[in-house]
Amino acid sequence: MNSLQSLRWAGIIEGISFLLLLFIAMPLKYGAGFDMAVTVVGAAHGGLFVLYVAIALFVWVQKRWPFLRMLIAVIVSVIPFGPFVFERSLRREENEKLEPGAVF
């Protein structure tokens, strides 16, 4: 698995954990009073977010991305469904062997 594939998978997993936190754990906490849902899912999501950012930093250095591309990679990770949109861009970059940072 190359670095772009690692970032793609980390983004997908981190994106899923974010959606679980927003649309399952938080309603359980505030709607049903089940605080533990946010504690568990939030901790998992936090760890996955840190892993995603670490892999993004590695790819930034390895692929010599422009700073803006790295910034976008981090920003989309805090937008619901953002990592899935960015993953398509990474897949395209990987498949077409584009210049680093040539696509969003």
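A residue is called buried when its relative accessible area is under 20%, exposed when it is over 50%, and partly exposed in between (1.4 Å probe, protein chains only). At 8% relative accessibility, E87 therefore counts as buried. The structure is a predicted model, in which local features need pLDDT of at least 70 and side-chain atom pairs count only at pLDDT 80 or more, while totals for chains, interfaces and linings use all residues. Residues are numbered from 1 along each chain as its sequence is written, and side-chain values use heavy atoms, with hydrogens and water left out.

**Confidence**

- The predictor's confidence in each residue is given as pLDDT, on a scale from 0 to 100.
- The protein chain has an average pLDDT of 91, and 92% of the residues score at least 70.
- Confidence is highest in α2, at a mean of 96, and lowest in α4, at 90.
- Helices here are DSSP runs (H or I, at least four residues), numbered from the N terminus; strands are likewise DSSP runs (E, at least two).

**Salt bridges**

- A salt bridge is a side-chain nitrogen of Lys or Arg within 4 Å of a carboxyl oxygen of Asp or Glu.
- Four salt bridges are found in a search of the whole structure.
- One of them joins the side chains of R8 and E87, at 2.8 Å from N to O. This pair links distant parts of the chain, since R8 belongs to helix α1 (residues 3–32) and E87 to helix α4 (residues 82–96), 79 residues apart. R8 and E87 are both buried.
- E87 also forms a salt bridge with R91, at 3.1 Å from N to O. Both residues lie in helix α4, four residues apart, which is about one turn of the helix. R91 counts as partly exposed, at 33% relative accessibility.
- A network of salt bridges links R8, E87, R91 and E94.
- The side chains of E93 and R69 form a salt bridge of 2.7 Å, N to O. E93 is in helix α4 and R69 in helix α3 (residues 67–76), so this pair ties together parts that are 24 residues apart in sequence. E93 is buried, with a relative accessible area of 4%, and R69 is buried as well, at 5%.

**Packing of α3 and α4**

- Two packed helices are described by the angle between their axes and the distance between the axes.
- For α3 and α4, the angle is about 145° and the axes are 8 Å apart. Axes are lines fitted to C-alpha atoms, for helices over the stretch in contact, and angles run from 0 to 180 degrees between N-to-C directions.
- Contact means heavy atoms within 4.5 Å. In α3, R69, I72, A73 and V76 meet G82, P83, F86, S89, L90 and E93 of α4.

**Nonpolar core**

- A nonpolar core is a set of buried Ala, Val, Leu, Ile, Met, Phe, Trp, Tyr and Cys residues joined through side-chain atoms within 4.5 Å.
- The largest nonpolar core has 14 residues, and those with the most contacts inside it are L7, Y52, V59, W65, F86 and L90. At least two residues of this core come from each of α1, α2 (35–63), α3 and α4. The most, five residues, are given by α2.
- Apart from its neighbours within four places in sequence, Y52 is in contact with L7, A10, G11, E14, A73, V76, S77 and F86.

**Residue L48**

- L48 is found in helix α2 and is partly exposed, with a relative accessible area of 24%.
- Leaving aside neighbours within four places in sequence, L48 is in contact with I13, E14 and S17.
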